[in-house]
Structures are given as C-alpha cells and as structure tokens.
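Colleague: Could you show me how to read the pockets and the overall fold of a model like this one?

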Amino acid sequence: MSTELKTDMVAVENFEPSTWTGSARKSWLRNLPPEKLLPESQPSYVASWIYVFGMATIVSLVIVIATGVVLTLGGIQWWHTSPFGHFMNSLHFWGVQSFFFFMILHMIIKYWMAAWRGHRFLTWATGVVAFIAGLATAFTGYTITTNFNSQWVAFEAKDVMNSVGLGGFMTTTDLGQMVTWHVVPLPLGVGLIVA
C-alpha cells in the first residue's frame, strides 16, 4: 500500500463526523476503501473465460429488464401492431433466450469446477434460486403473449397447478394475474437475488 493511501486511511480513522452524511462517508471509506473498489490489477482467477458467462448472464438480465419496462409502459398488446413494439418484443425475447443460455452454461461449468465447495455453497445456491425464479418469470411471460400458443399453455398449466395444490394461489388462465406476476414480484425477486 502506498504511503499516500496509508495517510488517507489514517485521516479517515481520525475524522469525527458531526452529521449523518459524515458518518455514512466514514463507514463507507472504512468498509470499502478506494484501493479495493478500484484495483489496478485483477486477481489471477478472473483471467478465466468462465467468468464471461456469468457476466453475459447479468448483461442479458439488464437487457430483459430494460426492454420489459418499455413493453410494460405501452400496455399488454400494443407491441402486436407497432414496428417499434415488435422490435422491443424481439429484443426482450432474445434477451431471455441469451439469459437462460448463459445462466445454464455458467451453472454447469461452475458445478463441474466444484465452485459450490466450502463457504461458496450459499453463492451457488442463490444462483439455483435465481434460475428457478427466472423459470417462473419466463413461464408467466409466455402466458401473457396473448396468442393461441400462450392460451394453450395457460390452460394446460392450470391443470398442473391444480394438481399440486397451487391453483388457488396462481391462476394461469387469469391474464391480469399473470401480468402482475410477470411484471412485479418475479422480476424483482430475480433482480434482488442477483444483486
């Protein structure tokens, strides 16, 4: 550590804040020092191409959320009749495809690398939970596309939900309920798990 950084750390420790913002800054600088936030070199294990798949999953998720917000602002069916809507829907669709492709690839590789060993198990388990929440989000998204395929899937899924006792909790044939599940709680869940 350079002498300049050591001097900065001593200044942070000796600083006595008089406001809540000063306390927040002192806590932030103590727990997240700039030399750790903005390192000049990367750890050797990050040099692997495997990490690209995890990052590609996150980039795909950002694309899915951004295009989903645009699609939501127009309502449930506007994209059927608008060229811009078709474009946004296509971006959303391919974002979802790449999200699952990269996520599955990342999870398989990490499993075979035994990245779940030791204290990393909870990190790997949250990835599995994110995958399951992503599947639920994708399912509800498919049921709200308002075409014959989505209607058929919704009615077939209704029987599955009833058979496992979840029919009263999630009615797949109720378009409004599926839109609500797809737009609010499930994407928030995936986003929070990833964050």
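Modeller: By class, the residues lining the second largest pocket are 13 nonpolar, six polar and two charged, where Ala, Val, Leu, Ile, Met, Phe, Trp, Tyr, Cys and Pro count as nonpolar, Asp, Glu, Lys and Arg as charged, and the others, including Gly, as polar. This is a predicted model, in which local features need pLDDT of at least 70 and side-chain atom pairs pLDDT 80 or more, while totals for chains, interfaces and linings use all residues. Residues are numbered from 1 along each chain as its sequence is written, and side-chain values use heavy atoms, without hydrogens and water.

Colleague: What volume does the second largest pocket have, and which residues are the closest to its centre?

Modeller: A pocket is an open set of points on a 1 Å grid over the protein atoms alone, where a 1.4 Å probe fits, with protein on both sides within 12 Å along at least five of seven lines, and its lining residues have an atom within 4 Å of a point. Of its 21 lining residues, Gly54, Ile58, His106, Thr123 and Gly127 are the closest to the centre. Two or more lining residues come from each of α4, α5, α6 and α9, and α4 gives the most, with six.

Colleague: Which helices supply at least two residues each to the lining of the largest pocket?

Modeller: The largest pocket has a volume of about 920 Å³, and of the 31 residues lining it, His92, Val96, Gly141, Ile144 and His182 are the closest to its centre. At least two lining residues come from each of α4 (50-74), α5 (83-112), α6 (121-143), α8 (175-183) and α9 (185-194), and the lining has 18 nonpolar, 13 polar and no charged residues.

Colleague: Which residues of α6 are buried, and what covers them?

Modeller: Buried means under 20% relative accessible area with a 1.4 Å probe, protein chains only, and in α6 the buried residues include Ala130, Phe131, Gly134, Thr137 and Gly141. Their cover includes α5, α7 (148-163), α8 and α9.

Conventions. Grid points are joined across faces, edges and corners, and a volume is the space filled by probe spheres set on the points. Helices (H or I, at least four residues) and strands (E, at least two) are DSSP runs, numbered from the N terminus. Buried means under 20% relative accessible area, exposed over 50%, partly exposed in between (1.4 Å probe, protein chains only). Contact means heavy atoms within 4.5 Å.
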